[in-house]
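Subject: Structure handover

Hello,

Here is the structure I promised to pass on. Please open it first, then read my notes below.

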Amino acid sequence: MIPALSTLTQPRSRPLLWCAGIVLALGTTMAAAQTTPPVEEPDTLILSDTLHYDDIKRESVFVGNVTMTRGNMTLSSDRLAMREDADGFQYGTATVEQSDRVHLRQEKPEKFENIKSESIRAEYDGKTKQLILIGQAVVTRYVCGQPQDNIRGERIVYHQDTDTYEAFGGPQSAGPNQRVRSVTRHRSKSDAALADCTNKSSAAAKR
């Protein structure tokens with residue numbers, strides 16, 4: 001999976017999944033409030049067999065064993081098309097032809113948490129800040145390597161602004177009988193898994 005390497009870095013770049021927002025921390029002094037500089041957004045690294053870039057359309061199309069990495073987020077697909085509109089909003093569509101699913105993985109090391117998603121197609125709308133998983137959609141949250149929450153449906157929509165999900169059933173649902181299937185473990189199990197990893201991490205750091 002290393003036939004070609006393409007690095008895409010744009011001034012107003014937004015990720016395909018879970019955009020890294022600008023964080024503004026305010027600190028007050030006796031004279032006046034002071035602001036810290038915004039957190040720098042990570043570069044976007046894309047591996048693919050081929051890349052076609054159209055400057056007029058502001059569109060990049062990556063084909064063949066596509067892997068996109070941005071910070072702690074990784075996306076894998078057979079084809080990835082990204083475009084930017086006149087206002088700087090970015091849109092992305094990931095699809096498969098040879099593979100069975102588009103795969104996405106988001107890591108949150110500070111919480112020992114991983115979120116794994118898969119679907120036949122994935123779309124990102126930078127203007128509405130929505131990630132849409134389409135066809136055999138599955139989202140699973142892991143804490144310390146243990147599955148905690150699982151959602152299955154035909155379509156799953158993640159809203160970045162509110163950090164909420166919507167799931168819909170249909171003919172291509174990953175749930176039974178074309179319905180949405182949601183499984184959530186008790187909060188105590190998630191807390192126990194987090195505590196276990198925190199203790200192990202602390203013990204390892206003292207060695």
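In strand 15, S182 is the bridge partner of I151. That pairing belongs to strand 13 and strand 15 (residues 181-184), which run antiparallel over four bridges. Bear in mind that this is a predicted model.

Strand 13 has other partners too. With strand 12 (residues 130-143), strand 13 (residues 146-159) pairs in the antiparallel sense over twelve bridges. Here I134 stands opposite R155 of strand 13. The hairpin of strand 12 and strand 13 has two residues between the strands. In this hairpin, C144 takes a positive phi near 55°.

Strand 14 (residues 164-168) also pairs with strand 13, again antiparallel, over five bridges. T164 in strand 14 faces H159 as its opposite residue. Four residues lie between the strands of the hairpin that strand 13 and strand 14 form. D163 takes a positive phi near 55° there.

Now the side chains. R155 also lies over the face of F168, 4.4 Å from the ring centre. The charged end of K116 sits over the ring of Y142, at 5.0 Å from its centre.

How many aromatic pairs does the structure hold? There is one. A pair of aromatic rings is described by the distance of the centres and the angle of the planes. For Y158 and Y165, the ring centres are 4.9 Å apart and the planes stand at 40°, so the pair counts as tilted. The cut-offs explain the word: stacked needs under 30 degrees, and edge-to-face needs over 60. Y158 is buried, at a relative accessible area of 7%. Y165 is partly exposed, at 31%.

Last, the helix. Helix 1 (residues 187-206) has 20 residues, which should span 28 Å at 1.5 Å a residue. Its end C-alpha atoms are 29 Å apart, which agrees.

Which residues of helix 1 are buried? They are S190, A193 and C197. These three cover an arc of only 65° around the axis, so they lie on the same side of helix 1. What do the buried residues of helix 1 pack against? They pack against strand 12 and strand 13. On the other side of helix 1, R187, N199 and K206 are exposed.

Best wishes

Definitions and conventions:
Residues numbered from 1 in each chain as written. Predicted model: local features only at pLDDT ≥ 70, side-chain atom pairs only at ≥ 80, totals over all residues. Heavy atoms only, no water. Phe/Tyr/Trp six-rings, centres within 6.5 Å; stacked < 30°, edge-to-face > 60°. Buried < 20%, exposed > 50% of the residue type's maximum accessible area, 1.4 Å probe, protein only. Lys NZ or Arg CZ within 6 Å of the ring centre and 35° of its normal. Pairing = 2+ DSSP bridges. Expected span 1.5 Å × (residues − 1). Arc of directions from axis to C-beta. Contact = heavy atoms within 4.5 Å.
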